[in-house]
Amino acid sequence: MAFGYIGVGNMGGAVARRIQRVEPLVVYDLSAEALARMADAGATVAGSVSELAQACDVIFLCLPTSDHVRGVLFDEGGLAASARPGTLIIDQTSGDPTATREMASILAETGIEMVDAPLSGGLKGAEEGTVAIMVGGSEAQFARIHPLLEAIGPNVFHAGPLGAGNAVKLANDLVSAAHRLISFRGAGIGGQARRRAKARDGDLHGRLGPEFLHGALLGARYRRWRPAFPASASR
């Protein structure tokens, strides 16, 4: 069985190099620099998408968006026209679940399978092998690719049917973005409270504690509030 990887830039390249340690890869990218790095790691460089497709049974994708995936699949010389029936495409793009299902449905008409397996953990996690991989596909497909995905990292999860991997990744990204936004807002409020305290009481020398913040931000009205039920009731 031969393996290919399309999209070996920063994230894809880090992941592909980990796979290359256990399975020889054929790779393709628009960036000559990215391909040179993969060649240095021992991978075989293909001259086109179709050349890679004709050489591989399992093909990974890691591209910026689902629109880029659609282009690699269905543009002239793309995987849909070049890959053999029975080829499995593992899309690691952080993409649109609906678009993933639509593209997979078209590919299925030619006997090509597709699963989504996006990554969470960033470039550092990809390089160190600590990313989480959320797979959308059938139980049989998951069992087939699980050992290979463990070469990327040990945190491999079957999220559900096709598209579920991208849905979980989107939810994870949303929670992460909300957490950052709240953290930034909290830091801003804290900074404003500290400046007010300095103006009122002089320099606190970095000793702005939670008691002061509680009072400065919430005020006496809310400090008098008590929950309607004891804390032990929630245990």
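**Figure 1. Helices H1 (10-20) and H4 (66-74) each supply at least two residues of the lining of the largest pocket.** The model shown here is predicted, with local features described where pLDDT is at least 70 and side-chain atom pairs counted only at pLDDT 80 or more, while totals for chains, interfaces and linings use all residues. Residues are numbered from 1 along each chain as its sequence is written, and side-chain values rest on heavy atoms, with hydrogens and water left out. The volume of the largest pocket is about 360 Å³. Among the 21 residues that line this pocket, Ile-6, Tyr-28, Leu-30, Leu-63 and Val-72 are the closest to its centre. Sorted by class, the lining has ten nonpolar residues (Ala, Val, Leu, Ile, Met, Phe, Trp, Tyr, Cys and Pro), three charged ones (Asp, Glu, Lys and Arg) and eight polar ones (the others, Gly among them). A pocket is an open set of points on a 1 Å grid over the protein atoms alone, where a 1.4 Å probe fits and protein lies on both sides within 12 Å along at least five of seven lines; lining residues have an atom within 4 Å of a point. Grid points are joined across faces, edges and corners, and the volume is the space filled by probe spheres set on the points.

**Figure 2. The chain has ten helices and nine strands.** Helices (H or I, at least four residues) and strands (E, at least two) are DSSP runs, numbered from the N terminus. Of the 235 residues of the chain, 41% count as buried, a word that stands for under 20% relative accessible area, whereas exposed stands for over 50% and partly exposed for values in between (1.4 Å probe, protein chains only). Among contacts with a separation of 6 or more, 61% come from residues 24 or more positions apart, where contact means heavy atoms within 4.5 Å.

**Figure 3. Helix H2 (residues 32-40) has the buried residues Ala-34, Leu-35 and Met-38.** Seen down the axis of H2, these residues fall within an arc of 100°, so they line one face of the helix; the arc is that of the directions from the helix axis to the C-beta atoms. On the face turned away from this buried side, H2 carries the exposed residues Ala-32, Glu-33 and Asp-40. The buried residues of H2 pack against helix H1, strand E2 (25-28) and strand E3 (44-45). Just after H2, Gly-42 takes a positive phi of about 105°. Gly-42 is also one of the residues touched by Gln-20, the others being Leu-25, Ala-41 and Ala-43, if residues up to four places away in sequence are not counted. Gln-20 itself lies in helix H1 and is buried, with a relative accessible area of 15%.

**Figure 4. The structure holds one aromatic pair.** Tyr-5 and Phe-60 are stacked, with 5.3 Å from centre to centre and 0° between the planes. The pair links distant parts of the chain, since Tyr-5 is in strand E1 (residues 3-6) and Phe-60 is in strand E4 (residues 58-61), 55 residues apart. Both Tyr-5 and Phe-60 are buried. Rings of Phe, Tyr and Trp (its six-membered ring) pair if their centres lie within 6.5 Å, and planes under 30 degrees apart count as stacked, over 60 as edge-to-face and the rest as tilted.

**Figure 5. Leu-61, in strand E4, is buried, with a relative accessible area of 0%.** Leaving aside residues up to four places away in sequence, Leu-61 touches a set of residues that includes Tyr-5, Ile-6, Val-69, Val-72 and Thr-93. Leu-61 and Thr-93 are 32 residues apart in sequence, yet 6.6 Å apart in space, C-alpha to C-alpha.

Figure 6. Asn-166 counts as buried at 1% relative accessibility, and Lys-169 is buried with a relative accessible area of 8%. The C-alpha atoms of Asn-166 and Pro-97 are separated by 5.4 Å, although these residues are 69 residues apart along the chain. Not counting residues up to four places away in sequence, Lys-169 touches Ser-94, Pro-118, Leu-119, Ser-120 and Met-134, while the residues touched by Asn-166 include Ser-94, Pro-97 and Pro-118.
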